[in-house]
Amino acid sequence: VTSTENEPKSVCRDYLRTKDFPSGTSCDGDNLPTYQDLVSANITMSTADFLEQHCCAFGGGDRISEDDLVFEQVRKFTGMSVSDFQDQHSPSQKALFWLVKVDSYPNLEDYLHIEQRFALSSIYFGLNGDTDWLECSNRANTNCSAPNNKSAWMSGVQECEWAYLSCDRNLFVTELIMPSNLAVTGENVPIISSDIGLLGESLEQINFCNNRIGGTIPNKIGSLNLLTSFDVSYNNLQGGLPSILLTNATGLEVFRVEYNSLTGTIPDLSLFRLRELNLSFNNFTGNVANIFADVPKLANVSLLATSFTGVFSSDVCNRSIVDPSSTVRLECPLNCDSVLENATIDSDVSNDCGGFGSGFCSDYIGWVDS
């Protein structure tokens, strides 16, 4: 990944698998072909654009000096070390190579927003922007019909001009709103890069709804202390929900993770601004009486097909009767407490068993089986 020596360039492994090279070179090990190997295989400088776009900077054997000025600027502002860039398949390394070798934005070695540009480019590579984005990717011939004449990602403009982003007057990103923009085309599962945590000083809203994102929600997302809205619903996320996200982001108003494959316990919440919560169709556990004891503004909640236990607070349940804009949708075994125990089960009162009627009383595992 890094070297202080001037080493010859090599090419990407996927491309090399289709070529015959002299013995002693390997596409899978450390003995990557050198430039002379390319010449012997009749791969000349005429393919330099192809190699730069698809190979050297993305999993090949090219090197970046530790003394590179852009690399130094990235480390200075992110607090990351050289060892954080050793995984050649990681979004972090791809973002670094893009900044150093491809990005046309001027004077990156002195750019004060380079932490933000690095984080966003890492998010782009984590979400397979070059291959899976339907719009506004850096891929040639990709449309970008985003509002306000926004530019495609990874273009050589200030990143606040990229699609799906909103910024404050100081050019710090406050919103990343990109629902339904991925069509997974290959074997590489799109993931949320852990470098998203580097946006913790400004990012307030995230919407990655319906993008077929896999992997886990990175723990570093807990650094986003200013979050007011978080929506990763209708994806393929697995693993636990970082509890730090629900404890550090005290200003959360909207939290939606429904229709994933998340597991684990939910911490007892102290979110005084939370008004909308959807945890449905995940294998979450815990006692709802404790978890939701301190959410005074919660008015819209959905806990269908989970593994929660306990009796839900009547304070929240009553809001669905008093305020027509409030909704409480609970898995049948949860139900509301004694205030509504004898209420008729229908969609206008607290608990309609997820709209399936009182006969649909499965837990998460039962839902999966059915």
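Q: Let me start with Cys-209: buried or exposed?
A: Cys-209 counts as buried in this predicted model, because its relative accessibility is 17%, and the cut-off for buried is under 20% relative accessible area.

Q: OK, on to the bridges, how many disulfides does the structure hold?
A: The structure holds two disulfides. Cys-136 and Cys-144 form a disulfide, and another joins Cys-160 to Cys-167.

Q: What's the sulfur separation for Cys-136 and Cys-144?
A: The sulfur atoms of Cys-136 and Cys-144 lie 2.1 Å apart, which is within the 2.5 Å that defines a disulfide.

Q: And which hand does the disulfide of Cys-136 and Cys-144 have?
A: That disulfide is right-handed, because the torsion about the S-S bond of Cys-136 and Cys-144 is about 95°.

Q: How accessible are the two ends, then, starting with Cys-136, buried or exposed?
A: Cys-136 is buried, with a relative accessible area of 0%, whereas Cys-144, at a relative accessible area of 28%, is partly exposed.

Q: Switching to the other bridge, what is the S to S distance between Cys-160 and Cys-167?
A: For Cys-160 and Cys-167 the S to S distance is 2.1 Å, and with -100° about the S-S bond their link is left-handed.

Methods. Residues are numbered from 1 along each chain as its sequence is written. This is a predicted model: local features need pLDDT of at least 70, side-chain atom pairs count only at pLDDT 80 or more; totals for chains, interfaces and linings use all residues. Side-chain values use heavy atoms; hydrogens and water are left out. Buried means under 20% relative accessible area, exposed over 50%, partly exposed in between (1.4 Å probe, protein chains only).
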